[in-house]
Every structure is written in structure tokens, then in C-alpha cells.
Amino acid sequence: MTKKQSQSLIFGIVFLLFGILFAFLIYVRPDLLQVPAWIAYASAGVFVVSGLLAFTVNFNKLDLQKVLILLLTTLICLPIGWIAFGPGVRECSVHGHGGWTQKNGLACRIPFGVGILLFYITFTWAMIRNKVPSKEA
């Protein structure tokens, strides 16, 4: 086993265990959440899928890697999409010419919504069209 393979194996184990621990803590103490449980589980899933993705580096399975990358992108986008499109009032701080100001409503949702849609659509399109760099390219 090469040094790179052992590093990716250790990285994968650490991230996989952290994601499982994170999901377990969500299950044990859901009363501490300030977001819906599915958002918290999506965040834990980011670590689990990252760990699985680290394992696939050693096997050079490009199709599996692409599926995991799309799943990882989806899991990363879910909390941001919830901020933009979810129920409830959103408040944020905005820095402008007059300094920091508090905003709410659409002023907070529009940047998250536009950003997440552009990112997800562009990244997914690039993956489908095979424009994402890989070992085989």
C-alpha cells in the first residue's frame, strides 16, 4: 500500500466515523437542533459521503466517484437551499457603503437562492458533460 493510498484510507475512516458520530448525536439529542432534522442529517451525510469518496480514490472507479460527487454536491446544497427556500423568517447582516446593517426576508434569501441554483445547475451539467477533471482525462 502506497503512502497516498494509506492517507486516503485514514482520511476516509476519520470522515466516515465523524459523520456516523454526528448522525448519532442528532438522533440522541434532536431537541438541541435549531434546524429541521433532515438538514442536520444532510450535514452529517456530507462527512459520510466524503469518507466514502476517499475510499474510492484507491479503486479508480470513475463512475462511482461521479455518483458520490453528485451526492456530495446535493448534500452540501441542501442546507443552503433551506436558507433560501425554507419556511420562516431569515435575518442576516449585510455590509454596504454605510457599514453593517441587519436585513431580513428577500434580502437574505435571494443571494442564497441564486447562488445555490447557479452552483448546482452548473456543477451537475459539468459532471454530466464530463467536464470535471479525472484521472483518466
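Trainee: Which residues make up the largest nonpolar core?
Mentor: A42, V46, V49, L53, L68, L72 and L75, seven residues in all. A nonpolar core here is a set of buried Ala, Val, Leu, Ile, Met, Phe, Trp, Tyr and Cys residues joined through side-chain atoms within 4.5 Å. Buried means under 20% relative accessible area, with a 1.4 Å probe and protein chains only.

Trainee: Which element gives the most to this core?
Mentor: Helix 2 does, with four residues. Helices are DSSP runs of H or I with at least four residues, numbered from the N terminus.

Trainee: Before I go on, what should I know about the model?
Mentor: It is predicted, so to speak of local features we need pLDDT of at least 70, and side-chain atom pairs count only at pLDDT 80 or more, while totals for chains, interfaces and linings use all residues. Residues are numbered from 1 along each chain as its sequence is written, and side-chain values use heavy atoms, leaving out hydrogens and water.

Trainee: Back to L72, what is it in contact with?
Mentor: Leaving aside neighbours within four places in sequence, L72 is in contact with V46, V49, S50 and L53. Contact means heavy atoms within 4.5 Å.

Trainee: And T56, buried or exposed?
Mentor: T56 counts as buried because its relative accessibility is 5%. T56 lies in helix 2, residues 37-56.

Trainee: What does T56 touch?
Mentor: Not counting residues up to four places away in sequence, T56 touches K61, L64, Q65 and L68.

Terms used
Helices (H or I, at least four residues) and strands (E, at least two) are DSSP runs, numbered from the N terminus. Buried means under 20% relative accessible area, exposed over 50%, partly exposed in between (1.4 Å probe, protein chains only).
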